[in-house]
Amino acid sequence: MRIRTRTGTRTHTRALAAATVVAAATAALTLAPTTFASAAAPAPTSSDFNADGYTDLAVGVPDATVDGRTKAGYVNVVWGGPDGLGSHGNTRVSQARTGVPGVPESGDRFGAAVAVADADGDGVADLVIGAPGEDVTGSGTNAGTVAVLRGVKGGLGTATTAAGGPSASAAYGKSLAAADLTGDGRTDLAIGATDKVVLAPKGGTRSTVFTGPMGGRAPVLTTGDFTNDGTADLAVGYWTMNQPFTQSHVRLWSWDPAESGLANIWNTDNAGVSALASGDFDGDGYDDLALGECREIADENIDDPCGPQEYAKGGGIHVHYGAASGFGARRQTLNQDTVGVYGRAEDGDRFGASLAVLDWNGDGRDDLIAGAPGEAIGDRAGAGAATLLLSHAGGLVDPFGEATSVAYNQGTPKIPGLAEAGDAFGAAVATGDYDHNGEPDTVIGAPGENAKSGGIWVLPGTSAEGSYALTPTRLGLPSPSTALSYGQTLNSH
């Protein structure tokens, strides 16, 4: 097995959207000026924050207490190395760290979202961190901020504030994505906020991509070159119920040079999603878009935005494929009742609530990891599971309507731990080559583990063989017995 390296001018980037509940904050932050790269540079291909050649993992822990401030939050960087994650130390990053703007305050929720970007153009991955509960001087309570922490050779550098919310309860930093969205060779930020998505381009003026009711949730964000023009496009999913009416959308925005802004180029309405992921699942050279836990949310379902109704049960994955003739004309849908997919579709499984992309078998087609944190294992409700979905020549479903999958849960032989009610194994998933051996590894978060202290499960080579758990106690993190929900928020690679 090996990780496929993409070549040519195509842009292929992914981001993890992390929703948050914004709590009250009690103090204020004065924004530092945003620093942009002075020279164009490609985005880093992995989250190697210390430039040692090994992919690292950033775990957002927004519910953590810092300096006695509840839910001030921090980010835990677990370093990769020859022995993978967990054997090479880890670093906590909070607003108590020298060089990080602000101070820890109750309800800041620093680390509610994390993403990877080369913000300074030096070719080393930087860490983008959302703190949607941060108070901002001149804006108000819970305006929210986004900080960029520089990755440097040998460790982590200082941070600057890339954006702050303009008004109280704006909650900038609920979700994040990073890619070259403007086509100038530099990495831009897409920021999820309250009922809003904002573009913060390198060297440009911040602008609102769109506003609309989102039911208090973070907009789901990912990026991919869906127009096949060499510049990343932005995919956004959001939904609301009865505010003042039910609506849900997945939309694509692409850079329009004539208008110097992002233009809405594609929509599917009545589709509510919990996750989005881009990948080339059929190997045709065009980016495809997977809609995770796709459910039809509308008074009527004329267009079947998540495929046939029966596939929405328990959470379905609906894929829109890219092609030379245009994006989205060809579609596939699968759930746990699809032949070849582990388990059985049951209400509350939340199949596809988290997604991550990898090429597990090195065949040139992307495969998909799908979390199902609501899955019952035996009689243990919400123990959770994750499923590796292998691609075929025609995509994630073969010409006979069948899939190929591998299942993982805490009842799987050689995966440590016991499946317990409420573990939420699969609430977040991430992939990367953390030991740099050419095989894609997978990390599965279980934030409900140990009375919501949480933990992550590392699967070297995306296999149960040799898998191990990293808990707050094993990592030496403070207050391991409290409800850290460690593993709820992971960065994509």
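**Exercise 1.** What does the accessible surface of the protein come to, and what percentage belongs to carbon and sulfur atoms?

Solution. This is a predicted model, where local features need pLDDT of at least 70, side-chain atom pairs count only at pLDDT 80 or more, and totals for chains, interfaces and linings use all residues. Residues are numbered from 1 along each chain as its sequence is written, and side-chain values use heavy atoms, without hydrogens and water.

- The surface is about 17,200 Å² (Shrake-Rupley method, 1.4 Å probe).
- Carbon and sulfur atoms hold 50% of that area.
- Of the 493 residues, 59% are buried (under 20% relative accessible area, 1.4 Å probe, protein chains only).

**Exercise 2.** Locate the disulfide and describe its geometry.

Solution. 

- Search the whole structure: one disulfide turns up (cysteine sulfur atoms within 2.5 Å).
- Cys 294 pairs with Cys 306, at a sulfur separation of 1.9 Å.
- Strands are DSSP runs of E, at least two residues, numbered from the N terminus.
- Read the torsion: -70° about the S-S bond, a left-handed link.
- Check burial: Cys 294 has a relative accessible area of 1%, and Cys 306 has 2%.

**Exercise 3.** Describe the surroundings of Asp 435.

Solution. 

- Asp 435 lies in the loop between strand S25 (428-432) and strand S26 (441-445).
- Beyond its neighbours within four places in sequence, its contacts (heavy atoms within 4.5 Å) include Tyr 54, Gly 81 and Asp 441.

Note on methods: Buried means under 20% relative accessible area, exposed over 50%, partly exposed in between (1.4 Å probe, protein chains only). Helices (H or I, at least four residues) and strands (E, at least two) are DSSP runs, numbered from the N terminus.
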